[in-house]
Amino acid sequence: MEKIISNVEDFIIRVENASDPRVKDWPLVQSIWCPVLAVMCYIVVVILGPRIMKNQQAFQLRVTMILYNFLAIVSSGYMFIKLLVSTVQANYSFICQAVDYSIDKPIEIEIARIIWLHYLSKYFEMLDTVIFILRKKERQISFLHVYHHSSVLILWWIAAKWIPGGSLCSLHCENISGGKNI
């Protein structure tokens, strides 16, 4: 058992050392426990929320929904435009782009910051489920809905921690292009 624990600890240390050093102190990126605890809380809300609301009157949240949707649209638009402009300025390839972990290139840090903001937006987007519960619209909370919010939060944490500015094929970019980004 000690060997297993030692191997797991060694794996965690190696994985942590491979993460992007620029984002190691950014909020909610430091540990896998940030998104995991958020997902656990989310699932508790999904399970208990409808039970708590069972004997309550549904809330009328028209203004809240309008504000929520407006903020979601504006923030997504902002992130899309900022990411598009930044990646064009940085001359990124949209086919295969290695991650540039430079701390002295403001454009690379800006791209990492936008990816981090997108990750943070996934926490905000979980609020739609709370709105469904408070409005007693539980039928809109399907397995796919819960799975989506849960998995997307973890996946964007991975992106923010290891590849904030680049693509998953970045490990293979050199093999594909002979050492140059394509």
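Helices here are DSSP runs of H or I with at least four residues, and strands are runs of E with at least two, numbered from the N terminus. This is a predicted model, in which local features need pLDDT of at least 70 and side-chain atom pairs count only at pLDDT 80 or more, while totals for chains, interfaces and linings use all residues. Residues are numbered from 1 along each chain as its sequence is written, and side-chain values use heavy atoms, with hydrogens and water left out.

**View 1. The protein chain in overview.** From the N terminus on, the elements run α-α-α-α-α-α-α, which comes to seven helices and zero strands. Of the 182 residues, 35% count as buried (under 20% relative accessible area, with a 1.4 Å probe and protein chains only).

**View 2. Helices H3 and H5 side by side.** H3 (residues 62-89) and H5 (residues 127-134) pack at about 165°, their axes 11 Å apart; axes are lines fitted to C-alpha atoms over the stretch in contact, and angles run from 0 to 180 degrees between N-to-C directions. The two helices are therefore roughly antiparallel (angles over 145 degrees). Thr-64, Met-65 and Tyr-68 of H3 meet Leu-127, Asp-128 and Ile-131 of H5, where contact means heavy atoms within 4.5 Å.

**View 3. The largest nonpolar core.** This core has 23 residues, and those with the most contacts inside it are Trp-26, Val-29, Tyr-119, Ile-141 and Leu-153. Such a core is a set of buried Ala, Val, Leu, Ile, Met, Phe, Trp, Tyr and Cys residues joined through side-chain atoms within 4.5 Å. Helix H6 gives the most to this core, with six residues.

Technical notes. Angles under 35 degrees count as roughly parallel, over 145 as roughly antiparallel, 65 to 115 as roughly perpendicular and the rest as oblique. Buried means under 20% relative accessible area, exposed over 50%, partly exposed in between (1.4 Å probe, protein chains only).
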